[in-house]
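Subject: Two-chain model for your review

Dear colleague,

Please find below the structure I mentioned, handed over for your own work.

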Amino acid sequence: MQLASDAALPVFSWNLLNDFQDMWSYLSMVNAFRAGAIVSVVCAVVGWFMVLRRQTFAGHTLSVAAFPGASLATLAGFSLSLGYFGFCVAAALVVAALGRKGRESGAEESAVTGTVQAFALACGYLFISLYKGLLEGPTAMLFGDFLGITTGQVVILAVVGAAVFAVLAVIGRPLLFASVDPQVAAGRGVPVRLLSTLFLVLLGAATAEASQITGTLLVFALMVIPAATAQQLTARPALSLTLSVLLGLAACWAGLIAAYYQPYPLGFFVTAFAFAGYVLAHLPRLGREVLGRVRTPIATGGVA
Amino acid sequence: MTAVLTQTFFQHALLAGTFIAPACGLVGYFLVLRAQIFTGDALSHVAFTGAMAALAGGYDLRLGLFAATVGVGLLLGGLGRRGRPDDVVIGSVFAWILGLGAFFLTVYTTSRSAARGGAGTSVLFGSIFGLSSGQTTLAVLIAAGICVAVLLIARPLLFATLDEAVAAARGVPTRVLGLAFLALVGACAGEATQAVGSLLLLGLLAAPAGAAIRLTDRPFRALALSAALAVAEMWGSLLLSAEAPELPPSFAIMATASAVYAATFLVRPNRALRTAAA
């Protein structure tokens, strides 16, 4: 296998100060780092609740909606941010409305979700193929690209991120209660349904943010993996929430640095770093399980 | 219209589609019934990485495709409890695998001669009109094999799906069946990738099966209906796409399948209420 040629690329030196000065001399890189910071913090927090609520499939569906949104925006010529946020939030409302009715029939609900998801991707593909000017094809939208981020986009990301945090600050406690034990929460008068709809809208907004960094296919790198890693490491809510934010930020920035020096897509690096953390967090438990399996027969043998 | 029908590319597509569609319909029915759609989704992403890794390494695309989908299908079955893996684990692993796919795509498109930039798109979104005669023959053979295998294990698999505990007590090897089924899903995902692309194969698996389950409560009738719907949708959309060349065939297939599924909600809108009341 041949690796891509990196003749035209800047060279990474271990003098990090120089490296950052070099990278930050380009406005697009500064914007990428700013956007990365905002997005990874928002996504880590929202994703933490998503993992707690076991709604990863819904999150995946919403992320898929970002692709037709972005490609329609390209085709019709309106703002990319509008395409991302509009489609993701609309998809969140649809998922919330459908999910309420089909609560009992789990199998059928997943068939609906799967179909909607594939149809949304197909629409995105249609828009891309109708819009013939895109040289790169859909790859940049699907797997992330950091070069195109404008200052305007960063401002929108920051405003939406602040709004998401404001809503979360208000509903955070009841949402945590409703996520951990929905029945008891409902019995204590917590509006579980309203919270669930609100949360899906927040999830839509966060997914739209993540899509602009990692690409629509790889949003899990910033939404699920940091949260899953943190929840593996500690069971205390406040600590694991903080940890999840730190992990997300670290993966995103490390990914940006790597993508600046290497020709491979940003999404690949962010997922690779985040997943490495996830595997490392699981190593102690896996080790214990393997040891336990080795030990168990000896123990029972001793008893017999 | 008739001019298109006599073109070889269209005949290949029609032939391959006629066999791939029922395979997806049959496998999809059990996938929906076992609530394992998310597994199918994860496999579909693995398909992309497998194909890209094979291309980047200089092998035949289909070798990587099937090795990846069947291998990961078995792996997921082996990892998860009773062959039903956890959503968060699948989500994390497939995000990473997909990232690897993007990596291989870049390796492939930048290291070799130009004009290969379309490889990623054609694996992601399929190119059923681009099948050669050799590819068509192999696709037909594998799809026929999947159909036969699913029909052979249909009865015990249905039993194990509807009531796993009772089936296990009656001596049905539920774990082996679960693993065999995931391997079949993997093979089917590899097949469907050639038709509609790895990103869209979920629709081909879920939509006909979901529609069939809405239309009838009887398992074997639903199984047959799912396969029949898949074939009908495939034919209809290939014709549609031949008629209107600006519509990519993958989009036409997804649009037809989704429309049929949506129509079943109009035919029997009250079913969820009735089952809830019963």
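A crossing of two helices is called right-handed if the near helix is turned clockwise from the far one by less than a right angle, and left-handed if it is turned anticlockwise. Please bear in mind throughout that this is a predicted model.

With that definition in hand, I begin with a helix pair in chain B. Helix α2 (residues 8-33) of chain B passes helix α11 of chain B in a right-handed crossing. The axes of α2(B) and α11(B), the latter covering residues 219-243, come within 8 Å and cross at roughly 150 degrees. Angles over 145 degrees count as roughly antiparallel, and α2(B) and α11(B) are therefore roughly antiparallel to each other. On the side of α2(B), the contact is made by B:Phe10, B:Ala13, B:Leu14, B:Gly17, B:Thr18, B:Ala21, B:Pro22, B:Gly25, B:Leu26, B:Tyr29 and B:Phe30. The residues that α11(B) contributes include B:Pro219, B:Ala222, B:Leu223, B:Ser226, B:Met234, B:Trp235 and B:Ala242. By class, this contact has 19 nonpolar and 4 polar residues, and no charged residues.

Helix α2 (residues 27-52) of chain A and helix α12(A) pack at an angle of about 150 degrees, with their axes 8 Å apart. The two helices α2(A) and α12(A) are therefore roughly antiparallel to each other, and α2(A) passes α12(A) in a right-handed crossing. Among the residues of α2(A) that make the contact are A:Met29, A:Phe33, A:Gly36, A:Ser40, A:Val45 and A:Trp48. Those of α12(A) include A:Pro237, A:Leu241, A:Gly248, A:Cys252, A:Trp253, A:Ile257 and A:Tyr260. The contact of α2(A) with α12(A) has 17 nonpolar, 5 polar and no charged residues.

Helix α12 (residues 237-261) of chain A also packs with helix α1 (residues 16-23) of chain A, here at an angle of about 75 degrees and with the axes 12 Å apart. That angle makes α1(A) roughly perpendicular to α12(A). The contact is made by A:Asp19, A:Phe20, A:Asp22 and A:Met23 of α1(A), together with A:Ile257, A:Tyr260 and A:Tyr261 of α12(A). By class, 5 residues of this contact are nonpolar and 2 are charged, with no polar residues.

Among contacts in chain A between residues at least 6 apart in sequence, 76% join residues at least 24 apart. The secondary structure of chain B likewise comes to 13 helices and 0 strands. Of the 278 residues of chain B, 58% count as buried. In chain B, residues 24 or more positions apart account for 80% of the contacts with a separation of 6 or more.

Two further helices of chain B deserve a note. Helix α3 (residues 37-57) of chain B has 21 residues and reaches 30 Å from its first C-alpha to its last, close to the 30 Å expected. This helix, α3(B), is mostly covered, with 19 of its 21 residues buried. Just after α3(B), B:Gly58 takes a positive phi of about 90 degrees. Helix α12 (residues 249-267) of chain B has 19 residues and reaches 27 Å, close to the 27 Å expected. The buried residues of α12(B) include B:Pro249, B:Phe251, B:Met254, B:Ala257, B:Tyr261 and B:Thr264.

Finally, two individual residues. B:Ser92 is found in helix α5 (residues 87-111) of chain B. Is B:Ser92 buried or exposed? At 0% relative accessibility, B:Ser92 counts as buried. B:Ser92 touches A:Phe220, A:Val224, A:Ile225, A:Phe275 and A:Tyr278, not counting residues up to four places away in sequence. A:Ala97 is found in helix α4 (residues 80-101) of chain A and is partly exposed, with a relative accessible area of 46%. A:Ala97 and A:Phe78 are 19 residues apart in sequence and 27 Å apart in space, C-alpha to C-alpha.

With kind regards

Note on methods
Residues are numbered from 1 along each chain as its sequence is written. Chains are lettered from A and ligands numbered from 1 in the order in which they are written. This is a predicted model: local features need pLDDT of at least 70, side-chain atom pairs count only at pLDDT 80 or more; totals for chains, interfaces and linings use all residues. Side-chain values use heavy atoms; hydrogens and water are left out. Axes are lines fitted to C-alpha atoms, for helices over the stretch in contact, and angles run from 0 to 180 degrees between N-to-C directions. Helices (H or I, at least four residues) and strands (E, at least two) are DSSP runs, numbered from the N terminus. Angles under 35 degrees count as roughly parallel, over 145 as roughly antiparallel, 65 to 115 as roughly perpendicular and the rest as oblique. Contact means heavy atoms within 4.5 Å. Ala, Val, Leu, Ile, Met, Phe, Trp, Tyr, Cys and Pro count as nonpolar, Asp, Glu, Lys and Arg as charged, and the others, Gly among them, as polar. The expected span of a helix is 1.5 Å times one less than its number of residues. Buried means under 20% relative accessible area, exposed over 50%, partly exposed in between (1.4 Å probe, protein chains only).
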